[in-house]
Amino acid sequence: MRWPLLLVLLFLLAFPPIASAMGLEFYQGLLTKIMILALAASSLNLILGYGGMVSFGHAAYFGLGAYTAAILMREGVSSGWVIWAVAVGLSALLALLIGAICLRTRGVYFIMITLAFAQMIYYLVVSFKQYGGEDGLRARRPEFGLFELTDTALYYLSLAVLAGALYLLHRLINARFGRVLQAIRENESRALALGYPVYRFQLLAFVLAGALAGLAGVLMAHYTQYASPNLLAWQQSGHLMMMVILGGVGQFWGGVLGAAALSIVEEVLQDLTIHWQLGVGLILLAVVLFAPRGLAGLWRREP
Amino acid sequence: MTLLETHQLSKRFGGLLAVNGCNLAVKTGEIHALIGPNGAGKTTLLNLITGVLAPNKGQVRFEGQDITHLPAHARVHRGLARTFQITNLFRNYTVRVNLELAVQARRGSSFRFWQPVFKEKALTEEAFRVAERVGLGGRFEVVAGQLSHGEQRALEVALALASRPKLLLLDEPMAGMGPEESARMVELIESLRQEFTILLVEHDMDAVFRLAQRISVLVYGQVIATGTPEEIRANPEVHKAYLGDEGGVA
Amino acid sequence: MRKAVWLLVLLALGFSFALAQPRTVKIGFVSTLSGGGAALGIDVRDGFNLAIRLLGNQLGGLPVEVLAADDQQNPDVARQAVDRMLKRDRVDFMTGIIFSNILLAVGEAIFEEKVFYISPNAGPSEYAGEQCSPYFVNVAWQNDNLHEAMGQYVQTRRFENVFLIAPNYPAGRDALTGFKRFFKGRVVAEVYHRLNQLDFSAEIAQIRAVRPKAVYAFEPGAMGVNFIKQYAESGLLREVPLFLPGFSADSDVIRAVGRALVGIYNSSQWALELNNPVNQRFVEEFRKAYGRTPTLYASQGYDAALLLDTAIKAVGGDLSKKDELRKTMLAGFNSTRGPIKFSPNGYPIQNYYLRQVVQQPNGEIVNRLVGTIFTNHRDAYVDRCRLR
Amino acid sequence: MPPSLLLEQLLNGLQFGLMLFLLAAGLTLVFGIMDMINLAHGSLYMVGAYLTATFVGLLGNFWLAVPLAVLGTALIGMLLELTVLRQLYRRDHLSQVLATFALILIINEVVRIIWGSQPLLLSAPEELSGPVEILPGLNYSAYRLTIIGVGLLVAGLLFWLVNRTRVGMWLRAGASNREMAQAMGVPIRPLFTLLFGVGAGLCAIAGAFLGPILAVQIGMGESILILAFVVIVIGGIGSIKGALVGALLVGIVDTAGRAFLPLLLSQVAPPEVAANLGPALASILIYLLMAAVLFFKPQGLFPART
């Protein structure tokens with residue numbers, strides 16, 4: 001696993017100068033977007049894959065991050081660091097509130113109640129006319145002091161954040177906390193009988209995932225320079241879920257692979273035909289029927 | 001000295017009173033068996049004691065302290081550990097990981113996010129000791145779901161042991177076992193007598209009368225008698241309510 | 001040596017080929033081509049394509065390549081399509097967007113690349129006032145205009161009070177603001193509902209309860225068809241007159257709603273029977289090409305292409321002369337509405353007409369021109385724009 | 001507040017709720033019995049509406065078109081069950097979500113290929129396009145009244161089917177305990193196929209009758225699907241009675257919220273705030289309702305499984 005990883009990293013590091021030399025800036029933007037989505041999908045994978053919590057409302061934190069960035073910029077806060085801190089903090093807080101209530105339910109009811117809360121957030125946000133309502137809100141790029149946030153800087157920033165977050169998740173999953181989280185997914189009543197405060201573990205994972213999704217949302221706002229209500233919509237939650245399932249639920253690279261695969265497939269098919277969604281649908285269906293463990297499962301043997 | 005005590009404990013499921021004013025006392029150091037016909041409320045009582053269910057009425061006291069409203073996980077840390085009637089393991093994990101998880105729950109905080117858990121040799125060592133104790137030392141790296149039924153039951157007990165409880169609650173440990181496996185389980189429980197207080201719920205009367213110092217009989221959610229095996233054998237109430245009038249205990 | 005000669009020959013060939021090949025003008029056309037707003041985008045597209053075809057697939061003498069994309073009425077999708085066109089395909093002009101919220105999401109990205117955006121429809125107040133851009137020209141209107149005209153007309157009819165309804169999004173609020181700018185009577189209620197709502201039973205019940213003297217509805221796209229149909233079905237149309245902006249009573253809506261529309265007054269900057277050669281050719285050719293009566297949206301798409309043609313011709317095909325391009329565009333062109341000019345913010349200065357839906361003796365239902373409400377009307381925001 | 005307004009809004013809520021019920025009934029049975037999350041349920045609603053519009057175009061008669069569309073959609077539903085959905089029963093919920101989401105994309109595009117991107121035109125039958133006077137001075141759309149009638153009729157039929165027939169008994173047995181039902185010899189496989197057909201047919205009825213009120217367009221199934229899920233979660237998964245109560249609750253609460261919340265707000269808050277917040281709160285109301293129900297009754301109002 002080390003070698004391919006290093007190669008991909010090298011490629012990603014070297015891409016922007018190559019792109020600008022060859023006039024491929026568009027693809028640099030595409031990669032930026034994929035990295036941001038990969039971060040969001042990986043955060044969802046933490047709770048969905050490792051925690052077994054099927055949250056159908058992950059867009060709430062993703063969108064909240066983007067909106068926080070846009071609203072703070074509009075209100076005159078121009079420091080990127082402050083914006084990041086506030087956005088991550090707010091997303092975590094929202095996840096704490098929502099998680100605290102939703103984690104009382106299980107199964108399908110959990111899916112639906114997380115969806116319900118995300119929908120409430122959606123409608124609340126679009127009701128604020130001063131923040132753009134259904135139109136969304138423009139979000140200029142903030143200042144980071146050390147560097148100017150050009151497209152290329154954003155690319156490297158996203159890469160750094162994604163790499164950092166993945167490293168953090170890797171440590172987390174293999175540490176005591178991660179092991180217990182997975183044990184709870186495997187058998188909740190057993191974990192409880194062993195003396196683990198299940199609720200607290202789940203809630204903490206939920207909050208962490210919310211915070212990371214919020215960070216991804218901020219980056220998304222920097223990328224599109226715009227906070228769209230669609231980032232909060234249930235379709236966005238579904239889209240993130242698709243990425244995780246496609247990539248591999250509970251597989252470490254599941255979120256990244258899923259985000260990359262889905263984005264690339266969409267991009268390629270969009271160029272080929274206006275009926276590209278048909279292609280996406282057929283591919284997704286084929287994955288479910290023939291590769292039940294997702295893409296990451298394709299080159300990993302049974303444990 | 002009384003280790004565990006329930007006082008007028010009641011649990012209602014809709015119209016059904018599963019446990020009805022139940023008074024039970026387990027003394028430190030004994031093996032206390034809880035018997036009763038099917039549907040008498042034994043498992044419900046166990047769930048009330050371990051905190052999986054909340055009672056409608058009554059109290060649970062452990063080491064003299066009221067733990068009625070303590071969450072389930074906190075009771076484990078007080079020293080209450082249980083096994084399940086239906087085998088309840090991390091089936092996709094090896095014996096090693098099952099036991100490490102059990103040990104980890106007791107040793108230090110699990111809210112640690114950075115150090116890889118596989119580097120904690122102490123966990124593995126203790127897990128292995130527990131495995132050897134129940135005779136699973138040679139099956140340490142086998143996935144739990146692939147163990148034989150008897151081995152799974154042993155692992156079930158081992159998981160409870162790993163938390164070094166003061167009171168071990170065994171919910172029908174011999175359920176579904178053949179005579180050979182049962183004998184091995186009896187031996188195992190016998191070997192635990194020195195270290196642990198045990199509350200044993202069991203249908204296998206041979207085993208109960210061999211192991212228990214005292215026996216409580218639960219009928220319709222109430223303890224109708226408590227005493228030594230001899231007293232219970234002789235108790236006409238028990239004969240009437242539980243054994244029918246057809247004869248003595250086998 | 002031989003090789004070097006060959007190379008030179010090849011190079012020379014290449015050059016001459018490049019010279020012989022005239023520069024093409026690339027146009028990015030992003031519009032709503034699916035979903036509830038699709039009818040609008042398709043009309044604009046058809047009008048735009050028709051004009052290009054009639055101009056011999058050229059604009060101002062340059063061959064045209066149009067790259068089309070569907071924004072699905074979704075700002076994110078639009079954003080991606082625009083990015084692709086600006087950064088990958090490097091288009092020279094952009095056009096096509098129907099909805100203001102979509103335009104606001106992508107506008108600045110376009111202006112930053114110094115690419116002209118010719119709006120065939122969306123005319124948000126933002127780009128008329130403080131945020132106006134030298135790279136923005138709108139051939140249709142400023143969003144408030146039709147509503148201002150209708151406000152003016154309802155005012156002259158001296159209705160005691162009026163009930164206003166619009167979707168809850170900025171263009172909806174702008175529209176009603178525009179109406180109130182000229183209507184001075186009492187507004188009994190101003191109801192905003194969910195965008196893209198299709199069932200208006202709750203709102204109609206409210207109208208019935210309030211009993212206003214008149215209703216003005218801003219309901220673009222599919223919402224308009226549904227609102228009018230349901231308003232008629234509820235029986236209210238016979239009791240409380242309904243006033244509409246022109247696009248809610250155009251031929252596409254008439255096709256969908258039918259006789260219920262007969263008698264309704266509406267405002268427009270364009271009308272089928274406007275008597276000028278450009279319009280007559282447009283209407284005739286459009287009917288021939290697509291087998292249906294053009295809407296004002298189609299006229300706007302057609303005009304967008306005419307404006308580009310005029311401007312590119314004026315700079316002799318040199319698209320790098322951005323300042324000159326802007327100047328010639330603002331100086332105006334010969335549109336389906338006759339010659340029109342633009343304010344410094346890129347919005348048109350034009351007439352607004354009153355139309356009424358009538359049933360002709362042969363049974364055909366048409367939207368007929370009945371009068372002029374404003375002449376050479378400007379938008380209300382131009383003074384806030386710094387551009388001159 | 002005039003009583004006629006209340007009555008009218010109540011009728012509106014009833015009409016909307018009954019149509020939601022038609023969607024939710026099939027969904028809740030599939031969910032309850034097969035433990036299967038079928039996101040593509042809304043697509044069948046869309047297919048039903050498109051077929052109705054097509055048959056109306058061909059035959060020129062709404063009342064002939066509806067049964068044909070219902071039959072056609074039911075067949076498509078069964079075909080879907082036989083080819084794809086059947087593979088998914090034994091899979092986890094996540095796989096089902098992904099697969100049926102893929103089906104949404106596929107069906108949307110197939111519909112786009114067949115019928116184009118533009119919404120289709122579907123009008124209420126001419127004889128119902130006007131108002132009727134239901135109370136002196138109170139006009140109400142004849143078409144909406146018809147919908148209420150059809151909704152009640154179908155709901156009644158469904159209750160009869162579930163509570164009074166052998167198939168219904170099987171369904172109820174399956175919803176409360178699948179293994180038991182299978183052990184007792186209920187022919188599960190054909191039953192599932194049939195159930196999908198019935199569910200699809202119900203979708204088509206809703207699609208056919210809502211088509212003229214809403215719009216026959218691609219994606220029409222998705223927004224209403226979310227509402228149908230809200231309904232069955234409120235009602236309790238697997239319960240037809242729950243679906244009916246949930247659907248009426250959602251229909252009435254949603255309509256009442258849209259109609260009265262802005263009015264109420266404008267009396268306590270400044271008009272600017274009220275105008276902003278009113279529609280938002282109205283949209284939130286049903287989700288609030290669902291969250292509240294789940295908070296107090298985590299299994300919904302009428303849990304089918306014990």
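Residues are numbered from 1 along each chain as its sequence is written, while chains are lettered from A and ligands numbered from 1 in the order in which they are written. Because the model is predicted, local features need pLDDT of at least 70 and side-chain atom pairs count only at pLDDT 80 or more, whereas totals for chains, interfaces and linings use all residues.

Between chain D and chain A, 34 residues of chain D are in contact with 35 residues of chain A, two residues being in contact if their C-beta atoms, placed from the backbone, lie within 7 Å. On the side of chain D that touches chain A, at least two residues each come from α4 (93-115), α9 (220-235) and α11 (271-296) of chain D, and the largest share, 16 residues, is supplied by α4(D); helices are DSSP runs (H or I, at least four residues), numbered from the N terminus. This side of chain D comprises 26 nonpolar, six polar and two charged residues, where Ala, Val, Leu, Ile, Met, Phe, Trp, Tyr, Cys and Pro count as nonpolar, Asp, Glu, Lys and Arg as charged, and the others, Gly among them, as polar.

Chain C is divided into domain 1 (20-141 + 274-346) and domain 2 (145-268 + 353-377), with bounds from an automatic or database domain assignment. The centres of these domains of chain C, taken over C-alpha atoms, are separated by 27 Å, and their contact takes 14 residues from domain 1 and 15 residues from domain 2. On the side of domain 1 of chain C that touches domain 2 of chain C, the largest share, three residues, comes from α2(C), and the classes represented are six nonpolar, seven polar and one charged residues.
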